[in-house]
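This briefing goes through the charged pairs of the structure shown below and then turns to the contact between its chains.

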Amino acid sequence: MKTDHSLPLEYSTEQNQLNILGFWIFIGAEIMLFATLFATYFTLANRTGTGPAGSEIFEITPVLIETFLLLTSSFTIGLAVHAMRIGKKNAMLTFFVITLLLGLGFLGVEIYEFTHYVHIGAGLQTSAFTAVLLTTLGTHGAHVTLGLFWGLFIILQVKKRGLTPGTANKAFIFSLYWHFLDIVWIFIFSFVYLKGMM
Amino acid sequence: MNYFDRFAIPNPSPAIYAAMVAIGLTVIAIVVGLTYFKKWGYIWREWLTTVDHKRIGIMYLVSALLMLFRGGVDALMMRAQTAIPDNALLDAQHYNEVFTTHGVVMIIFMAMPFIYALMNFVVPLQIGARDVAFPRLNALSFWLFFMGAMLLNISFVVGGSPDAGWTSYFPLAGNDFSQSVGTNYYMLSIQIAGIGTLISGINFITTILKMRAPGMKLMKMPMFTWTAFITNAIVVFAFPVLTVTLLMGTMDRLFGANFFTTTNGGMDMLWANLFWIWGHPEVYILILPAFGIYSEIISTFSRRNLYGYKSMVASIVIISFLSFLVWTHHFFTMGQGPLTNSIFAITTMAIAVPTGIKIFNWLFTMWKGKIKFTVPMLYAVGFIPIFTIGGVTGVMLGMASADYQYHNTMFLVAHFHYTIIPGVVFAMLAGLTYWWPKMFGFKLSERIGKWAFWFIAIGFNVTFFPMFFTGLNGQARRMYTYSEASGFGPLNLLSFGGALVLAAGFALIVYNVYYSTRYASRNIGSDPWDARTLEWATHSPVPSYNFATSPKVDSIEAFWDHKKNDYPLFKGEVEEIHMPNNSGIPFIMSCIFFVWGFSFVFSMWIPAIITTIAIFVLMAYRSFEKDDGHHISVKEIEETENKLRGGNK
C-alpha cells in the first residue's frame with residue numbers, strides 16, 4: 001500500500017479514499033431510506049384509526065433530553081476527529097468514549113419512551129400512525145445501537161494498533177455516520193415531534 | 001409434530017411432489033459428485049471464497065441462466081394452461097403461484113444477476129482496473145443474491161409459493177387473503193437479494209468514479225461503463241425504497257402492523273405507490289445496461305465509432321432522472337384523479353424522447369458501416385424494430401384515458417414482454433456471446449448461435465404478438481382460464497406454439513455451450529471480434545490481475561487507436577501488483593442470512609434471534625480482522641504474461 005503523507009491519515013492510502021467515497025454513497029442510500037420512512041410517516045400521520053394521535057402521546061421532556069444528548073455527541077465526535085488530525089491519540093479516545101456514552105444515554109431515554117408508548121396503548125399494532133411512528137424511530141434507534149458497537153470496536157482497535165491509516169480511516173467514517181444520524185434526528189425532532197405537538 | 005406442520009405444502013399436487021424428489025436427487029448428486037471427484041477443496045478455494053470480479057461475474061452468469069430456465073418452465077406452464085379454453089392442467093391456485101414466481105424469478109433473480117454478471121466481468125476491464133473498489137463486498141453481494149434466490153426457490157416445496165403476483169399488492173398480499181407463508185418468502189427473499197444489489201450499486205459507483213485508467217476522463221468512458229455507472233446510481237436511490245417497503249410489508253404480515261391493511265388507518269394504495277417508486281426505476285436498471293451492450297456491439301460490428309456519444313450519455317442521464325417520475329402510470333385506473341394522471345402521462349411519454357434519440361444514434365452508427373452479421377449483431381439489429389413496437393405500445397398505455405381500456409389485459413402483458421425480451425434478454429444473450437471469448441477463451445459456435453437467434457426471434461413474436469389482439473378484445477391477464485365462447489382460443493393456442501419455439505431456441509443455446517466447449521478452437525487470440533474497448537487489450541482468459549501494466553488512455557477508443565494508429569497503450573514497466581485476499585466470510589454470512597430469512601418466513605423466533613446475532617458477530621470479526629491482501633511479484637507476472645502470450649499469438 002502506498003501512503004501519501006501530504007494528506008490527512010484517513011485519506012492517505014488509495015483504499016482509504018475509496019472507503020470514504022463509498023461511505024458517502026452509502027449515506028446517499030441511507031438518505032433515501034429515511035426519506036421513504038418520512039414520506040410514509042407524512043402519509044399516515046393522521047390515520048390514527050381507533051388509536052391516539054401524536055399530540056396525545058408526545059411528551060416534550062424526554063424528547064428534549066434525547067435531542068440534547070445526541071446533538072452534543074455530534075459535537076464531541078467532531079472534537080475526536082480534530083484530535084485525531086493533530087495526532088493526539090488519548091484525547092481522541094476520550095472524546096470517542098464521551099460520544100458513545102452520550103449515545104448510550106440517548107438510547108436509554110428512547111427505550112424508556114418506547115415502553116411508555118406501548119404502556120399507554122400506542123403499540124405497533126394500534127394504528128397505521130403508531131406503526132410508522134415506531135418504525136421510523138426504531139430504524140433511527142437501531143442505527144444508533146449499531147453505531148455504539150461499531151464505535152466501541154474502533155476504540156479497541158485504536159487502543160491496540162494506534163493511529164494508523166487503517167484505524168484513522170475507520171474512525172473518520174464512523175464520524176460521518178454519527179453526524180448523519182444526528183441530522184436524521186433533527187428531522188425527526190422537527191417533523192415528527194414538534195409538528196405532532198402543534 | 002405440530003411444529004413441523006407449518007412446512008407442509010398448502011396446495012399439494014403430483015407435480016410438486018415430483019419436484020421435491022428431483023430437488024433431493026439433484027442435491028445428493030452434487031454432494032456425491034463433489035466428494036467422488038474430490039472437488040470440495042477446489043470449489044471452496046477457487047469459487048466460494050473468491051473475491052475476483054471475473055469469477056464473481058461468472059457465478060452470477062451461471063445463476064442467472066439457471067433462474068432463466070426456472071422462470072422459463074413457469075412461462076411454459078402458463079402458456080400450456082391457457083392454450084385451450086377451460087383447460088384443467090393447472091387450477092387457479094397453481095396458476096396464481098406460477099405467474100407470481102415467473103415474474104419474481106425473471107425480474108429479480110434472472111435479469112438482475114444477468115446484468116450484474118456482465119457488469120462484474122466487463123466494467124473493471126473496460127476502465128483498466130485491477131478489480132472493483134470493494135472486492136469482498138462484491139462477493140457478499142453475489143452470495144446474498146444467491147441465497148435470496150435459493151430462499152424463493154424452496155418456497156414451492158416448503159410451505160407454499162407466493163401467489164399475490166410479482167407486485168404483491170395489498171390487501172391481497174395481507175394475512176387475510178394470503179394465508180400461506182408464500183408472501184413471507186416473497187418479502188424476505190427479495191429483501192436479502194436487494195441488500196446485495198444495493199451493496200453492488202455502491203461498489204460500482206465507487207469503482208467507476210475512482211479507479212479508471214490514467215487519462216480516461218468521464219466523457220472518454222466506453223458506453224457500457226457509462227450505462228453501468230448510471231444504472232448503479234439508480235440502484236442506490238431506488239433500492240432503499242424497496243428495503244423500507246418490504247420491511248413494512250413484513251411487519252404487517254408477521255407482527256400485525258397496519259401499514260397496508262384496510263383497518264386502523266392502514267392504506268393499501270401506499271404499497272402500490274412505494275412498490276412502483278422502486279419498480280419503475282427498476283425497469284431502467286434493467287434496460288440501461290442493455291442499451292450499453294448494444295452500443296458496444298453495434299459500434300464493433302459496424303466498424304464505426306458510436307454515433308452521437310454525447311447525446312447517448314445525455315439521454316441515459318435524462319432517462320434515469322425521468323424514471324423516478326412516472327411510477328403512477330402503473331395504476332392509472334386506481335383513483336388518483338385526472339390531474340395526477342395527466343402529469344404522469346406526460347412524464348411517461350417524455351421518456352420516449354431520449355429513448356428515441358438512442359435508437360436513431362444506433363441507426364446512424366450502422367449507416368454506411370461495414371456491418372458484419374455475427375450472432376451478437378443479429379440480436380442488436382433484431383432488437384431495434386421489436387423494441388420499437390414495445391415502445392410505441394408503451395406510449396399507447398401511457399395515455400391515461402386510453403389506459404382504462406388496456407389496463408390489466410393481455411395487451412399490457414404483450415407490451416412489457418416486447419420491451420423486456422428484446423431489451424434485456426436479447427441484450428444479455430448478445431453480451432454473453434460477445435464477451436464469451438474473453439471469459440472462457442473460445443467463441444460460441446456462430447452457426448448454432450444463428451439458428452438459436454432465429455428460433456428465439458420468431459418464437460418470441462409468435463408468442464407475444466397475438467396477445468395484443470386478445471388483450472384489445474378484453475382477455476384479462478392473470479386469469480387461469482377463459483370460456484370457448486370468448487373466442488380467445490385460437491390465438492392463445494398460437495401463442496403456446498410460439499412459446500415452444502422460443503423454448504427450442506433456448507435449448508439450442510444450451511447445446512451451443514456444450515458443443516463449443518468441446519469443439520471450438522482455443523486459438524483465437526485476445527481480440528477475436530476486432531473490437532474497440534480496453535477489455536480486449538488483455539489476454540483471454542484474463543489473468544487474475546487483469547492488466548500487467550495499467551493502460552494509459554487519451555481517447556474514447558484508445559484500444560482502437562492502439563491497433564490502427566500505433567498509439568502506445570501500455571507505456572509503464574511491470575511493477576509488483578497488490579491484490580485482495582480470498583475470504584470465506586461473504587459466503588458464510590450469506591448462508592446465515594438464508595437461515596435468518598427462513599426463520600422469519602415461518603416466524604421461528606429463536607433461530608431468527610440467533611442468526612441475527614451471528615450476522616453481527618461476523619461483522620465484528622471482519623472489523624477486527626487484519627487483512628492487507630497479497631502482492632504478485634514482477635517475476636510471477638512476467639511468467640504469466642509469457643505463458644499467455646505464447647498460447648495466444
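Over all chains, the rule counts 13 salt bridges, and they are read here from a predicted model rather than from an experiment.

**Salt bridges in chain B**

- E46(B) and R55(B) are joined through their side chains by a salt bridge at 3.0 Å, N to O; E46(B) is partly exposed at 29% relative accessible area, and R55(B) is likewise partly exposed, at 25%.
- K54(B) and D52(B) form a salt bridge at 3.2 Å, N to O, and both of these residues are buried.
- E639(B) and K635(B) form a salt bridge at 3.8 Å, N to O, and both lie in helix α21 (residues 634-648) of chain B, 4 residues apart, which is about one turn of the helix.
- Within that pair, E639(B) is partly exposed with 48% relative accessibility, whereas K635(B) is exposed with a relative accessible area of 60%.
- R303(B), D527(B), D530(B), K563(B) and K564(B) are linked into one network by salt bridges that share partners.

**Interface of chain B and chain A**

- In this interface, 36 residues of chain B are in contact with 35 residues of chain A, and the two chains bury about 3100 Å² between them, 72% of it on carbon and sulfur atoms.
- On the side of chain B that touches chain A, the elements giving two or more residues are α7 (182-210), α8 (223-255), α9 (268-301) and α20 (605-624) of chain B, and α8(B) gives the most, with 10 residues.
- The residues on that side of chain B comprise 24 nonpolar, 10 polar and 2 charged.

Methods:
Residues are numbered from 1 along each chain as its sequence is written. Chains are lettered from A and ligands numbered from 1 in the order in which they are written. This is a predicted model: local features need pLDDT of at least 70, side-chain atom pairs count only at pLDDT 80 or more; totals for chains, interfaces and linings use all residues. Side-chain values use heavy atoms; hydrogens and water are left out. Contact means heavy atoms within 4.5 Å. Buried area is the accessible area (1.4 Å probe) that two parts lose on being put together, summed over both. Ala, Val, Leu, Ile, Met, Phe, Trp, Tyr, Cys and Pro count as nonpolar, Asp, Glu, Lys and Arg as charged, and the others, Gly among them, as polar. A salt bridge is a side-chain nitrogen of Lys or Arg within 4 Å of a carboxyl oxygen of Asp or Glu. Buried means under 20% relative accessible area, exposed over 50%, partly exposed in between (1.4 Å probe, protein chains only).
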